Amino acid sequence: MIKIKTSIKSLLFELILTASIAYLFSLFAQDFWTWLAIILVLLLIWHHYMEWRLLKTLQPKNETIKPLTQFETLSPTLTYYNNQARREKMKSLRLLSRLNRHVQFLSEAIMVCGEKGDILWSNQHAQQLFDFYWHKKVEKNIFTVIFYPEFKTYFQKQHYKRPLVILTNNQRYIEITVNLYSAKTYLILARDVTQFISLLSIRQTFLTNLNHELRTPLTVLQGYIELLEFENANELQQKALHAIKEQTQRMTKLLQQLSLLVKIETADNKQHHPVNMSAIILSLQKNTALLKTEQQRIEFNIEPDLYVLGEETQLQSAVANLIYNAIKHSGEHSHIQISWKMNQATNQTTNQTTANTPHAIFSVTDNGIGIAPQHIPHLTERFYRVDPARSHTTGGSGLGLAIVKHALQQHNTRLNIESQENKGSCFWFVLGAVEQNKTQSLA
């Protein structure tokens, strides 16, 4: 606004000055309008010359202003900006050309298609993955390339929260993700996940066979150990029997946790139903009295009859592991607070709950020994232990928090961990609550 006012003032000043000079000259010769026209032409030429000098100063020495049209010859400024726009356009085109060449060598298959499936662009990896040829002058439809019925159904739904995995005719697993690219075009990403799924299958088969093969000998060992405990044994024999019994119990528990972890990983969330989380947590209260030490103090703050939509066994495993971990690892003189209640403060949620969705928070807080910051990101990894010596003493396997992590993932939420050394820890997660009047209809 200030620049506009300054320009208007300058224009008025020049007009007044021009008129004054023309009037002065008209007193000696010719009329006023002739002198006014002559002075205005000279003023225009002077402005044109100053504009040319300014643009010549702004331009590099090795560049010259090249007018594109006859009209631009009259305005060096217009020529300057048009040339600059053309240079920027050429730079953008060269950049897009380089990006196009680089995208061709990405490890993922990339295709762009219209709303009816017409392929508008495809990289080389997509053509190799689905065994087809594409050229911009040749029409090709995505449904003739990916001709599986499940893909057509997935594409037409237009709800792409999760990728689609299909098994091709040549026994390859392909993961396909569809994203809305623009108003009427879609970006399709695909990759071969056969090796990944094969590794998952091998791991699950191994864990299942391990659990099956070791369960029987462990049961036999436990039976003979119980039988030998009734015999008269000296101190060394009793110590050996106690160690064998302790290790067999630990291995049995480890196999149970591995079996539970495999079941949770391979489960889907289609079998969710209303679960009374308040009743599940309160049912664990009796067990905490047996596990805690005399110096520990446990406080339950549970809102009654608070339901969530989920799988009861998985939620019970998650809650039990968090409570038992706090009792085992917080320290002998710790104060443990277990809370389950409604919460409307959406700024604390890191899940998919929103302000319009009622949600509840479960938390286990203690003022114990705490956890060092470098360990917190790794706590939910399998077999990870903060202190292996302490875990050996308490009987920890390093699978408890991994079970919690995968159980919560099945419920579209995650475990949050806050801890400081010598100040305590807090483990919490958020679940969408179900109103009591809706539990009967959902059941």
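Trainee: How many of the 10 residues of helix 14 are buried?

Mentor: This is a predicted model, where local features need pLDDT of at least 70, side-chain atom pairs count only at pLDDT 80 or more, and totals for chains, interfaces and linings use all residues. Residues are numbered from 1 along each chain as its sequence is written, and side-chain values use heavy atoms, with hydrogens and water left out. Helices (H or I, at least four residues) and strands (E, at least two) are DSSP runs, numbered from the N terminus. Helix 14 spans residues 400-409 and is mostly covered; the number buried (under 20% relative accessible area, with exposed over 50%, partly exposed in between, 1.4 Å probe, protein chains only) is 8.

Trainee: Where is Ser-330, and is it buried or exposed?

Mentor: Ser-330 sits in the loop between helix 12 (312-329) and strand 9 (335-343). Its relative accessible area is 4%, so Ser-330 is buried.

Trainee: In what order do the strands of the open sheet lie?

Mentor: Strands of a sheet pair through backbone hydrogen bonds, either parallel or antiparallel. Here two strands pair if DSSP finds at least two bridges between them. This sheet has 5 strands with antiparallel pairing, and their order is 2-1-5-4-3.

Trainee: Which are its edge strands?

Mentor: An edge strand here pairs on one side only. The two that do so are strand 2 and strand 3 (164-167).

Trainee: How many bridges join strand 1 to strand 5?

Mentor: Strand 1 (residues 109-114) has 3 bridges to strand 2 (residues 119-122). There, Val-112 has Trp-121 as its partner. On strand 5 (residues 185-192), Ala-190 partners Ala-109. The two strands run antiparallel, and the bridges joining strand 1 to strand 5 number 6.

Trainee: Which residue in the hairpin turn has a positive phi?

Mentor: The hairpin is formed by strand 1 and strand 2, with 4 residues between them. The phi is about 100°, and the residue is Gly-117.

Trainee: What angle does helix 7 make with strand 4?

Mentor: Helix 7 (residues 149-157) packs on the sheet, touching strand 1, strand 3, strand 4 (173-180) and strand 5. Axes are lines fitted to C-alpha atoms, for helices over the stretch in contact, and angles run from 0 to 180 degrees between N-to-C directions. The angle with strand 4 is about 20°.

Trainee: Which residue forms a salt bridge with Asp-192?

Mentor: A salt bridge puts a side-chain nitrogen of Lys or Arg within 4 Å of a carboxyl oxygen of Asp or Glu, and the count is 2. For Asp-192, the closest N and O atoms are 2.7 Å apart. The pair ties together parts 20 residues apart in sequence, because Asp-192 lies in strand 5 and its partner in the loop between strand 3 and strand 4. That partner is Arg-172.

Trainee: Is Glu-175 buried or exposed?

Mentor: Glu-175 meets Arg-191 in a salt bridge (2.7 Å, N to O). Arg-191 is partly exposed at 40%. Glu-175 has 17% relative accessibility, so it counts as buried.

Key
Contact means heavy atoms within 4.5 Å.
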